Amino acid sequence: MPKPHAYPRLRPIEAIFVPHPTFGKALMLRDGEGIAPSPIVIRGDLAPVVSCMDGTVSLDGIARRASRIIGRMIDVAIVSRIVADLDAAYMLETPRFQARRHEVVAAFAAASERPAHHAGGAYHRDPQELARYIEEACLGKAPRGNGATQGRLVGLCAPHMDLWRAAEGYGHAYGTLAESLPPEVDTFFLLGTSHAPMRQPFAVCAKRFATPLGPLEPDHDALAFLAARSRFDVREDEYLHKGEHSLELQGIFLRHLLGDRPARIVPVLCGLGDAQARGRDPQEDARAESFLASLAELVERRGARAFLIAGADLAHVGPRFGDARPLDAAERGVLQARDAESIRLMVEHDASGFFSQVVEDLDTRRVCGLGPIYTALRALPGAATGRLLHYTQCVDPVEGSIVSHASLAFVS
């Protein structure tokens, strides 16, 4: 039986290109599942070595294949060193990784609280500094009293980038919530992207969400309702909530705005399963549809008490995400037009149209918010319509990659 390293298989992890002071450009591998304790960086020109690790090719074979791709000889010793580094970082599918995963997942399962994983990184850890930043840099930069909502506010779409880059987008979304949150609302359905691969179409989390501003309690009755009516285990992927930022970042704004107001959350990661992977309407997937129909029924049952928040970004393009170069001005205009069409379908509450339009260029525009936005559009009250509050393309100042996002309010 071959050793685990003889035919190395890279785990399904996030790979992005970043500037590096020594290498110029580096390939950064990050584990969205949170098993690997930290990212690992590899010289950018050696990225083909990593891409060849699919579990079917020997070390010699990887060296030969990568040499052909790169255009120069790659010694097998280099491949062996990279494999050793990846294994040490828990980036390979090996018994060693499986043992660590079992330990980490079991520890999370036993915990009553989901920690504030990104505090001190994506936002301030100190509660006073965080509250001040939210008020001044986010809410303070958004227009007030601009008539953003004509009707009853029933949902939001907000960014899920770090606060430093998306402050204005958050401000527009949560400034609207601060002004227009109906007094009856006491259940917030938080819908987010999972940046780690999911085994099931959706994953709920039944744990208290910690924030520097105080905890958010889960709605166990709502979670039990979804579990009973879905045709899969809605908690099988619960562990993926541990390090996922898409909902954590909504939680800090929600906790800040609620203050002492009693409320509970229903945290849901939305991957859509085979439907998204194959680009087919989720209504044709029995497992995904069972959850979507149950969520819509639950929101309808809760009526005026329910509020939906989708934590969702749009496009991810440029060298950081594997493109050969950053977009020029004309290409940025094309991207804005494609995003505008997605936003139009959101505003019109056209879930199927939105899904079909986004999957057309999902491999190149990389709209990571497809799952939560589609899910929100399916769960919102039938009469709800959207209004665009804010749109921007966040451009990396060093290498020009772009992440776009939009803030929308939904009213009924």
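**Entry 1: a helix pair.** I started with helix H10 (residues 286-302) and helix H14 (residues 370-379), whose axes come within 8 Å and cross at roughly 50°. That angle makes H10 oblique to H14, since under 35 degrees counts as roughly parallel, over 145 as roughly antiparallel, 65 to 115 as roughly perpendicular and the rest as oblique. For my own record, axes are lines fitted to C-alpha atoms, for helices over the stretch in contact, and angles run from 0 to 180 degrees between N-to-C directions. The crossing of H10 past H14 is right-handed, the near helix being turned clockwise from the far one by less than a right angle.

**Entry 2: who touches whom.** On the H10 side I found Glu289, Leu292, Leu295, Ala296 and Val299, meeting Tyr374, Thr375, Arg378 and Ala379 of H14 (contact: heavy atoms within 4.5 Å). These contact residues divide into six nonpolar, one polar and two charged.

**Entry 3: ground rules.** I am reading a predicted model, where local features need pLDDT of at least 70, side-chain atom pairs count only at pLDDT 80 or more, and totals for chains, interfaces and linings use all residues. Residues are numbered from 1 along each chain as its sequence is written, and side-chain values use heavy atoms, with hydrogens and water left out.

**Entry 4: the whole protein.** I noted 14 helices and 14 strands (DSSP runs: H or I of at least four residues, E of at least two, numbered from the N terminus). The C-alpha trace spans about 65 × 50 × 45 Å along its principal axes. Of the 412 residues, 54% count as buried (under 20% relative accessible area, 1.4 Å probe, protein chains only).

Notes
Nonpolar A, V, L, I, M, F, W, Y, C, P; charged D, E, K, R; others polar. Buried < 20%, exposed > 50% of the residue type's maximum accessible area, 1.4 Å probe, protein only.
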